[in-house]
Amino acid sequence: MSYINENFLNLQESYLFSTIAKKVAKYQEENKDKKIIKLGIGDVTRPIVPACIEAMHKAVDEMGTQEGFRGYGPEQGYEFLRKAIVENDYKKRGIDIAEDEIFVSDGAKCDCGNIVDIFAEDNKVAITDPVYPVYLDTNVMSGRSGKYDSKTGTYENIVYLPVTSENDFKPELPKEKVDMIYLCFPNNPTGTVLTKEELKKWVDYAKENKAIILYDSAYESFITENDIPHSIYEVEGAKDVAIEFRSYSKTAGFTGVRCAYLVIPKQVTGYTKSGEEVPLNKLWNRRTCTKFNGTSYIVQRAAEAIYTKEGQKQIKENINYYLNNAKIIKEGLEEAGYTVYGGVNSPYVWLKVPEGLTSWEFFDKLLEEVNIVGTPGSGFGPHGEGYFRLTAFGTKESTEEAIERIKNWKK
Ligand code: PLP
């Protein structure tokens, strides 16, 4: 008999995006003449920049020649890309990361999900609430949560750190001791950030409690303010306690190309039950060599091209395009009287829904009365209730039109 991993039965169906899709399809079917504008998506829409496309073409051609052909590459990523990462993402910011502390992959989602392999089942996990759901669900799958409580919308044994307007979207240190802490800044879904000093609190906590910080900086390229760290390693001591996730998905429009990387400094350690310290870099390297055969050569050449002068200039144009959309959304909503967060160092704008409405009620009104689609905050966790996410990944024209509709909305 084959027994299943029963932890999977403990997962809650994620109805968020499928419910949105169903509601939108039904509304459009019944109102064929209405032009719906979608500001709910978390996917990019601008084409991949020429520098990356050229690099991919060149790599494809190489693959068709005897001299240029590549088979399996290094599981951890090609040296040319790991070097470019070290030089550009770290050395230029005064951070000392070695090439063998970088692991290139096919996505931060997989990395965030797979990392749980190297941690014991009885670690106590802390996540922010609301949250990018991958951190929670992958820990439920691997048995780190207790049962789901439908009354509170939370799992037993998971420590939820509320991030709401009451604490200015800055999670407070947990009251009980935790072992694995997921932090994502700039945050999805709230679009908010932490300063170096605010992050330092977490690094100090992790040191004192021998905990690990799993830091997702998938949106670092959207940071516009000077005092906001792009990497957790800008914070003193973080190299001892933090793993960092990076992705080219939003940085360079690679959501369909698939390339990301993970950083595990060699001094980051976990413990055996007998108290022996074990470097996590070594464990992750072992896991990678056993379960992964490397990111495609063609894709890694495309990622390398992001760091060229042309590549940097071109991706920045796209990022600025999205940031301008974020500004249009933020300022337009403020003019219309909404309380708005995020959107300055992030493609996400997080707004408070009008008094008396739930996130889903606001979703329905927005769809039916002004034909705009966003994402209800409650879909990201119980403390997302009363909030709503709009994204800057649409076109400038549709973003402007959506905001005009909201400004002229007679409620
Ligand atoms: N981390 C966060 C916070 C995200 O919002 C996303 C995608 O939306 C990812 C990771 C996934 O990145 P990737 O496309 O590299 O898998």
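Which residues are the closest to the ligand, and how many surround it? I started my notebook with that. The model I looked at is a predicted one.

**Entry: the ligand shell**

I found 14 residues around the ligand. The closest are A108, D216, Y219, S247 and S249. I then sorted the shell by class. It divides into 6 nonpolar, 4 polar and 4 charged residues.

**Entry: polar atoms at the ligand**

I looked up A108. One of its backbone N or O atoms lies 2.8 Å from an oxygen atom of the ligand. Next came D216. An N or O atom in the side chain of D216 is 2.7 Å from a nitrogen atom of the ligand. Then I turned to R258. Here a polar side-chain atom lies 2.8 Å from a ligand oxygen atom.

On its own the ligand has 400 Å² of accessible area, and the protein covers 90% of that. Two elements give two or more residues to the shell: α4 (108–114) and α7 (249–252).

**Entry: helices α10 and α12**

I moved on to a helix pair. Helix α10 spans residues 309–335, and helix α12 spans residues 396–407. Their axes come within 9 Å and cross at roughly 5°. Angles under 35 degrees count as roughly parallel, so α10 and α12 are roughly parallel to each other.

I listed who makes the contact. From α10 come Y321, N324, N325, I328, I329, G332, L333 and E335. From α12 come K396, E397, T399, E400, I403, I406 and K407. By class, this contact has 6 nonpolar, 4 polar and 5 charged residues.

Note on methods
Residues numbered from 1 in each chain as written. Predicted model: local features only at pLDDT ≥ 70, side-chain atom pairs only at ≥ 80, totals over all residues. Heavy atoms only, no water. Axes fitted to C-alpha atoms, helices over the stretch in contact; angles between N-to-C directions. Helix = DSSP H or I, 4+ residues; strand = E, 2+ residues; numbered from the N terminus. Parallel < 35°, antiparallel > 145°, perpendicular 65-115°, else oblique. Contact = heavy atoms within 4.5 Å. Nonpolar A, V, L, I, M, F, W, Y, C, P; charged D, E, K, R; others polar. Near = heavy atom within 4 Å. Polar contact = N/O pair within 3.5 Å; in protein donor to acceptor, adjacent residues only side chain to side chain. Areas by Shrake-Rupley, 256 points an atom, 1.4 Å probe, with all protein chains shown as cover.
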